[in-house]
Amino acid sequence: MLNFELPSLGKRLCNGVTRRQVLRLGTTGLLSGLSLPQLLASEGTSKGGPVARAKSLVFVFLEGGPPQQDLWDPKIESPIEIRGPFAPIPTSVPGTTFVEHCVECAKIAHKFTVVRSHTHTDNGHATGYHYVMTGRRPPFPDGEYPIPTNDLYPSLGSVVARELGSRGTVPPYINMPHPMSAGGPGFYGAEFAPFVIEADPSQPDFEVKDLGQVDGLTKSRFDRRQKLLLGLEQQRQKQKLGPAQAMSTYYGKAYDLITSPAARKAFDIQSEPAALRESYGMSQVGQCCLLARRLIEAGCRFVGIDAPGWDVHFNCFPSLKGDLIPPADRAFAALVNDLEQRGLLDDTLVVMMGEMGRTPRVNAQAGRDHWSMAQSILFAGGGTKPGQVIGATDKQAAYPTRDPVTINDLLHTLYTLMGIDSAKEYPDPLGRPVPIVGAGQLIPGLIA
């Protein structure tokens, strides 16, 4: 189901972050409002800036904070209250180890890079999410959760949509299986908001209902509605109603999406071979990654996958071992392999991260708490150099000891790889020039 975000309902993180309420955009009210067309108004191309290395970005966000020392930065020689109970395993890169439950990533470590030294100082879920997605400190305290949280500054996905525009029949910016907390367009406006697939592609009955046939709505009725709309738009143009006239383009894009066989085909994950679906894992994050590959093939520029559950304060190791690490490990590895086999990896940047890491020491409840000072990030494809580890942390995985990477460094590097000039400015609602990223350097050694 395609959705536009509204205020949220239902709890999902330790400090009260909640599930969102959404406005469902059904075809029974085809083109009766502005939201669907606005989401599709992203036809523009970047002007100037570096040459693009990546055409698209898949951004897998492990919401809640994945523990760096229990994934890709194991501390073998530290005491168990630091390193945790998981054993290290060798990877395909000599001298590099992951924890034992990152089996699939260990096999293909030569195909991606781990940055172990990402660091910032925001220990909140909503605030940290906002900081990562926008490069700006949030104007609200952690504990306030409007959806989206970034009502002023545009998110990474919205910037990509505005700068690069569409290159196919699907929207340029998509979230799944629900909205990313800070994934909104900010002052860019609703036309650069994400298209949200409000459904779990791992379920047998998965479908994007807005692209399906509506009972009782025949083709002739559909066509009559479109003619009526065109007539109304022509009348508005004669009256020189500027905003309404501009919206006619977006209505056309909405109509093209809903009537496009190519768009319906892109969302048809059930057409994939069973063996390939199993290689990704029949988990939510696994099938979202597979659907992301299909959407990238269809021309989407930015697919944001929100994968919650990583807020591991209590008795965390059974859930990490069984429910969290293996699905994410399998999904990332399968996506990288699949893109490579299809000749898409060079043009597609894949990133996996969360809003923070976890505390160096296991707490009294056998969990790990919030810790933003050290985190690992995975990068594959899109002009990055594979098979390396960038940066390092101390023996407790607490602080970077080499090549610290800030949030602005991260965003500046991603935009550079996408061919976007991160210093480009847009006026905010008060007319003040706001750069896409206020500062930042390229992550050393990452770009091939």
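**Rings, charges and a helix**

Author: This is a predicted model. The charged end of arginine 162 sits over the ring of tyrosine 426, at 3.8 Å from its centre.

Reader: Over which other ring does the charged end of arginine 162 sit, and how far from its centre?

Author: Arginine 162 also has its charged end over a tyrosine ring, 4.5 Å from the centre. That ring belongs to tyrosine 188.

Reader: Are the rings of tyrosine 188 and tyrosine 426 stacked or edge-to-face?

Author: Their centres are 5.4 Å apart. Planes over 60 degrees apart count as edge-to-face. Here the planes stand at 70°, so the pair is edge-to-face.

Reader: How many residues apart are tyrosine 188 and tyrosine 426?

Author: Tyrosine 188 is in the loop between strand 7 and strand 8. Tyrosine 426 is in strand 17. Both are buried. The pair links distant parts of the chain, 238 residues apart.

Reader: Why is helix 4 described as largely enclosed by the rest of the structure?

Author: Helix 4 covers residues 125–134. Among its buried residues are His125, Tyr129 and Thr134.

Reader: Which parts does the pair of phenylalanine 61 and tyrosine 129 tie together?

Author: The ring centres are 4.1 Å apart and the planes at 20°, so the pair is stacked. Both residues are buried. They are 68 residues apart in sequence, so the pair ties together strand 3 and helix 4.

Reader: Which residues form one aromatic cluster?

Author: The stacked pair of phenylalanine 61 and tyrosine 129 belongs to the cluster. Its members are Phe59, Phe61, Tyr129, Tyr173 and Phe302.

Reader: Is arginine 293 buried or exposed?

Author: Arginine 293 forms a salt bridge with glutamate 297, with the closest N and O atoms 2.9 Å apart. Glutamate 297 counts as partly exposed at 38% relative accessibility. The cut-off for buried is under 20%. At 1% relative accessibility, arginine 293 counts as buried.

Reader: Which residues are joined with arginine 293 into one network of salt bridges?

Author: Arginine 293 also meets aspartate 338 in a salt bridge (3.0 Å, N to O). Aspartate 338 lies in helix 11 and arginine 293 in helix 10, so the pair ties together parts that are 45 residues apart in sequence. Through shared partners, the network joins Arg293 with Glu272, Arg294, Glu297, Asp338 and Arg342.

Definitions and conventions. Residues are numbered from 1 along each chain as its sequence is written. This is a predicted model: local features need pLDDT of at least 70, side-chain atom pairs count only at pLDDT 80 or more; totals for chains, interfaces and linings use all residues. Side-chain values use heavy atoms; hydrogens and water are left out. Buried means under 20% relative accessible area, exposed over 50%, partly exposed in between (1.4 Å probe, protein chains only). Helices (H or I, at least four residues) and strands (E, at least two) are DSSP runs, numbered from the N terminus. Rings of Phe, Tyr and Trp (its six-membered ring) pair if their centres lie within 6.5 Å; planes under 30 degrees apart count as stacked, over 60 as edge-to-face and the rest as tilted. A charge sits over a ring if NZ of Lys or CZ of Arg is within 6 Å of the ring centre and within 35 degrees of the ring normal. A salt bridge is a side-chain nitrogen of Lys or Arg within 4 Å of a carboxyl oxygen of Asp or Glu.
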